[in-house]
Amino acid sequence: ETLHAHVDALRAVKWDVRIWDEAHMAAGYKSKRTRAALKVASRDRTRGAVDWLLTATLIPNDWSDLWGPLAIMAPEAFGRGSIRFVKRYCDAKPERFSETALDTTGRSNEDELFERLEHWCHVRTRSELRGVLPAKSRNVVLIPPDAQHVRRASRAARGYEAQVEYA
């Protein structure tokens, strides 16, 4: 949710591979998060950097949600314009009461899109994964803080104690 605040710092890093977990969060061709992710991803594209996107929910709402993750991962194949994408694959039409907004809740050219996605996406259903994945396990890993973090925590605790005394 704060990706847009860190775009410059992320673009300053020379990435070879970026792994975007919860990639469906970059859904929506108009969202601030999608635009920020595209700026970060475009930085190293000319050097051959690779973006891997992970999600269990590629399409949270409608097919227009596909454009953001696909444009991050494969701009040469999908990133040449969100409007073009939604018109081609989401049967985009002008909204009923708006001159500029598009209704992107439809579907069009499904076979073509599925064929194009085969190269970029590996889709598995829950039923296919049953029995393949190990049971969930949770482990607590304690990482001892360095001296600087101990000092900061101590100052914060003293400040909190002072606030509680006066409350």
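The protein chain exposes about 12500 Å², of which carbon and sulfur atoms supply 53%, with accessible areas taken from the Shrake-Rupley method with a 1.4 Å probe and, for residues, only the protein chains shown counting as cover. This is a predicted model, in which local features need pLDDT of at least 70 and side-chain atom pairs count only at pLDDT 80 or more, while totals for chains, interfaces and linings use all residues. Residues are numbered from 1 along each chain as its sequence is written, and side-chain values use heavy atoms, with hydrogens and water left out.

**Overall form**
- The protein chain contains eight helices and four strands, where helices (H or I, at least four residues) and strands (E, at least two) are DSSP runs numbered from the N terminus.
- Along the sequence, these elements follow the pattern α-β-α-β-α-α-α-β-β-α-α-α.
- The radius of gyration of the protein chain is 22 Å, whereas a compact globule of 167 residues would have one near 15 Å; the radius is taken over C-alpha atoms, and the globule rule is 2.2 Å times the number of residues to the power 0.38.
- Of the 167 residues, 26% count as buried, a word that means under 20% relative accessible area, while exposed means over 50% and partly exposed lies in between (1.4 Å probe, protein chains only).

**Helix α5**
- In helix α5, which spans residues 82–89, the residues S82, F85, V86 and Y89 are buried.
- Seen down the axis of α5, these buried residues fall within an arc of 90°, so they line one face of the helix; the arc is that of the directions from the helix axis to the C-beta atoms.
- An α-helix has 3.6 residues a turn, so residues three or four places apart point the same way.
- The buried residues of α5 pack against α3 (67–73), α4 (75–78), β4 (102–103) and α6 (110–117), where contact means heavy atoms within 4.5 Å.
- On the face of α5 turned away from its buried side are the exposed residues R84 and K87, and just after the helix D91 takes a positive phi of about 50°.

**Nonpolar surface patch**
- V17, I19, V50, W52 and L54 make a nonpolar surface patch of about 460 Å².
- Patches are made of residues with over 30% relative accessible area and no salt bridge, with like charges joined within 9 Å and nonpolar side chains (Val, Leu, Ile, Met, Phe, Trp, Tyr) within 5 Å; a salt bridge is a side-chain nitrogen of Lys or Arg within 4 Å of a carboxyl oxygen of Asp or Glu.
- Strands β1 (17–20) and β2 (50–53) each supply at least two residues of the patch.
- I19, found in strand β1, is exposed, with a relative accessible area of 55%.
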